[in-house]
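User: Hi! I am new to reading protein models. Could you walk me through the terms as we go?

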Amino acid sequence: MAQNVENIKDHATLFQEQEYQELFTNKKEFEGGHDPDEVARIAEWTKTWEYRDKNFAREALTVNPAKACQPLGAILAAVGFESTLPFVHGSQGCVAYFRTHFTRHFKEPFSAVSSSMTEDAAVFGGLNNMIDGLANAYALYKPKMIALCTTCMAEVIGDDLGAFISNSKEAGSVPKDFPVPYAHTPSFVGSHITGYDNMMKGILSNLTAGQKKETTNGKVNLIPGFETYIGNLREVKRMASLMGANYTLLADNSDYLDSPNDGEYRMYQGGTKLDDAADAINAEATIALQAYSTSKTRDYIAKEWGQKTSVSRPVGIRGTDEFLMALSELTGNPIPQELELERGRAVDAITDSQSWIHGKRIALYGDPDLVYGLVSFLLELGAEPVHIVVSNSNPEFEAELKALLDSSPYGQEATIWGGKDLWHMRSLLFTEPVDLLIGNSYGKYLWRDTKTPFVRIGYPIFDRHHLHRYATFGYQGTINLLNWIVNTLLDELDRNTIIPSKTDISYDLIR
């Protein structure tokens, strides 16, 4: 099966060749594969209401959940700070998974190290791994801060990160005044948004210790939450600058995850300055752009810093309006004409496209804050959310989303499926079809199976390039979302009217 180096073939076509097809056939026969007719029969049955009832009755099995585990979110929070190295206390395989997950989404190298715990550490504890790991990480990679989190192995055996860090410093792994914030992030509870929240709280509590002053610094803290659209971070900074706000973005990973290719490798790019993060305790207020990936952090800021906190999701017209008005209230500055003009252009774009979207039935899935923002925007367009799957849901989110849906005539047919997964979504799409599906790349299988038009919005996006570079926040983000949604519907219209003189009777290209 060796290939000529002058005729390298893409994997998508290579495995269609006869020799590989024969290999697959032989493999199936060797493994005792089921009869194709029986497979087809069962596949058809899984599209029925009878199967849907059985599918939704399962309790002890999850199939393709729309979430990841806590440490993934923790290390994303960590790289948003200046020269910070994420350190995962656990097995090497876990951190390799986290790195590749982010690298595939952002198309950028993602640095994180591990204590590389193996069987002996699982029995005797991982302190020695921590001591050696911190010493090696500090000496080799020369960070200004190391942010520590855990995986399942460390949590199951009960390793105490606070004690381990103290012992490591006593052993000389890192200087005693070197910042090593930490968060316990067991993968078997919560999700990536919980891990982000835990690590953000851990970093801020470490850096701000003893930094409280009698007067404020006049700044506004902005916390993006588990945000994977680099364009959103840059859009938020642009809008805040136009508003004349003196702000600190906690944490800013936009340069780290979208670095220039200029011939020079820099392990640590950009990030919120550690001094600025330490001074965040003295800000006037903190605005979180997500609620459910910042809940513990906001509670900590309100109680320990005595600082006003709020949540403002700048998605769609209303969401962006609320964000800018919150900034205006805090700064005392009016909303500038440049942003007013952008708002007018976004409203004009919606007016142009609204007739194609109005009344369309939508299914969507993703993290709580992402879904809330998208639902709010869909209701502005007159679209009708029908199936809403949120694997990492909670009662507070469901109550908030239900109130939003109840506030609009277009939200009356919606059902919130908290704690469900994408195999549940499959049953919903077959038994109650919709016009459009919105979610991350894992929805590709639903698109193939149910033939529901599919818009990729969320995390991760593996099978398309550069979508993460766009904004979904602000008025410009509103136009981007509108563009992806309406043009997916128009693409589907073209596919369904492709036969000349029979189904193709449109006048859209008339001269």
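User: What makes the link between the side chains of Asp-421 and Arg-58 a polar contact?

Analyst: The two side chains are joined at 2.8 Å. A polar contact is a pair of N or O atoms within 3.5 Å, where within protein one must be able to donate a hydrogen and the other to accept it, and residues adjacent in sequence count only if both atoms are side-chain atoms. The value of 2.8 Å is within that limit, so the pair is called a polar contact.

This is a predicted model, in which local features need pLDDT of at least 70 and side-chain atom pairs count only at pLDDT 80 or more, while totals for chains, interfaces and linings use all residues. Residues are numbered from 1 along each chain as its sequence is written, and side-chain values use heavy atoms, with hydrogens and water left out.

User: Why is Asp-421 called buried?

Analyst: Buried means under 20% relative accessible area, exposed over 50%, and partly exposed in between (1.4 Å probe, protein chains only). Asp-421 has 2% relative accessibility, so it counts as buried.

User: Which residues are in contact with Asp-421, leaving aside its neighbours within four places in sequence?

Analyst: Contact means heavy atoms within 4.5 Å. Among the residues that meet this for Asp-421 are Arg-58, Leu-61, Pro-65 and Ser-391. Asp-421 itself sits in the loop between strand S11 (415-418) and helix H19 (422-431). Helices (H or I, at least four residues) and strands (E, at least two) are DSSP runs, numbered from the N terminus.

User: How do you know that the buried residues of H10 line one face of the helix?

Analyst: In H10 (residues 161-170), the buried residues are Leu-161, Gly-162, Phe-164, Ile-165, Ser-168 and Lys-169. Seen down the helix axis, they fall within an arc of 165°, so they line one face. That arc is taken from the directions from the helix axis to the C-beta atoms. Their cover includes strand S1 (84-89) and helix H8 (127-141).

User: What is found at the start of H10, and what comes just after H10?

Analyst: At the start, a side-chain oxygen of Asp-160 reaches to within 3.1 Å of the backbone nitrogen of Gly-162. Just after the helix, Gly-172 has a positive phi of about 85°.

User: How do you know that the chain agrees with a compact globule?

Analyst: The radius of gyration is taken over C-alpha atoms, and the globule rule is 2.2 Å times the number of residues to the power 0.38. For 511 residues a compact globule would be near 24 Å, and the chain has 25 Å, so the two agree.
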